[in-house]
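Please find below a short note in numbered points, to be read alongside the sequence and the model.

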Amino acid sequence: FDVFHGEQTTQQEVFLSSVKPILPHILNGQNASVFAYGPTGAGKTHTMLGTAEQPGVIPRAVREVFNLVSAKDENEGWDYSIGMSYLEIYNEKVLDLLSPSSQDLPIREDKDKNILIPGLTHTTLSSFSDFDKQFVPATLNRTTASTKLNQRSSRSHAILLIKV
C-alpha cells in the first residue's frame, strides 16, 4: 500500500497526499483506484465519505475531476463526459446502490479480461451537484449493522466507479 494516515490526519491531508496526484491521469485514459483498508471502526467510511463540513476522499475527488475537465482547453479536440455507477458487495452479492430494488447482479469477464457487471446502473453527471444529489441517497442504501465496536457499521464493500 502507499501510505498510512494516523488518526490526527485531516481529510484535506489525505486527499492532497494520496488522491489528488493520481486524478490527472484519468483524463489521459488511465485507470485510478483509491482503496481504504483497516479493521472495523478504523474510520474507512468516514475517510471516504466525510461530512458536509469536512468532505471525504470521494466528494473531493469527484469535485477535482470536474475541475480538471472544465480546465481543459476545448481546442485540444477532446469532448469529456463524466458518469458514475455505485455498488456494494455484501455476503457475496453485488447490489446496485443507485437502483436499490435491483437483485444480485452477476460479475462477468469479457474476452479481454475486462470486468463487467450487466445491469449495473450508469448515470451521466453534468456537475458536482448532480453527483451529490445521487451519491448521498445511494450511500444510505448501504447495508449496515451493529458490531461490538460500532453501533452502525458498514457491513459491505462499496465501490464507486467514476467513468470519464
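1. Asp112 and Lys111 are paired in a salt bridge whose closest N and O atoms lie 3.5 Å apart; the term denotes a side-chain nitrogen of Lys or Arg within 4 Å of a carboxyl oxygen of Asp or Glu. Asp112 and Lys111 are both exposed. Here exposed stands for over 50% relative accessible area, buried for under 20%, and partly exposed for values in between, with a 1.4 Å probe and protein chains only.

2. On provenance, this is a predicted model, in which local features need pLDDT of at least 70 and side-chain atom pairs count only at pLDDT 80 or more, while totals for chains, interfaces and linings use all residues. Residues are numbered from 1 along each chain as its sequence is written, and side-chain values use heavy atoms, with hydrogens and water left out.

3. The structure contains two salt bridges. One of them joins Lys113 to Glu109, with 3.9 Å between the closest N and O atoms. Lys113 counts as exposed because its relative accessibility is 60%, whereas Glu109, at 49%, is partly exposed.

4. The unreviewed UniProt entry carries a "binding site" annotation over Gly38, Pro39, Thr40, Gly41, Ala42, Gly43, Lys44 and Thr45. Of this set, Gly38, Pro39, Ala42, Gly43 and Lys44 belong to the lining of the second largest pocket. UniProt positions follow the numbering used here, feature names are shortened, and annotations may be inferred rather than shown by experiment.

5. Pro39 sits in the loop between helix 1 (11-19) and helix 2 (44-49), and Pro39 is exposed because its relative accessible area is 59%. Lys44 belongs to helix 2 and, with a relative accessible area of 26%, is partly exposed. Helices (H or I, at least four residues) are DSSP runs numbered from the N terminus.

6. What does Lys44 contact, leaving aside its neighbours within four places in sequence? The partners of Lys44 are Ala36, Tyr37, Gly38 and Pro39, contact being defined as heavy atoms within 4.5 Å.

7. A pocket is an open set of points on a 1 Å grid over the protein atoms alone, where a 1.4 Å probe fits, with protein on both sides within 12 Å along at least five of seven lines; lining residues have an atom within 4 Å of a point.

8. Ala138 is located in helix 4 (residues 128-139) and is buried because its relative accessible area is 3%. Not counting residues up to four places away in sequence, Ala138 touches Tyr86, Leu97 and Leu98. The C-alpha atoms of Ala138 and Thr123 are 12 Å apart, the two residues being separated by 15 residues along the chain.

9. Thr139 is also found in helix 4. With a relative accessible area of 16%, Thr139 is buried. Beyond its neighbours within four places in sequence, Thr139 is in contact with Leu49 and Tyr86.

Terms used. Helices (H or I, at least four residues) and strands (E, at least two) are DSSP runs, numbered from the N terminus.
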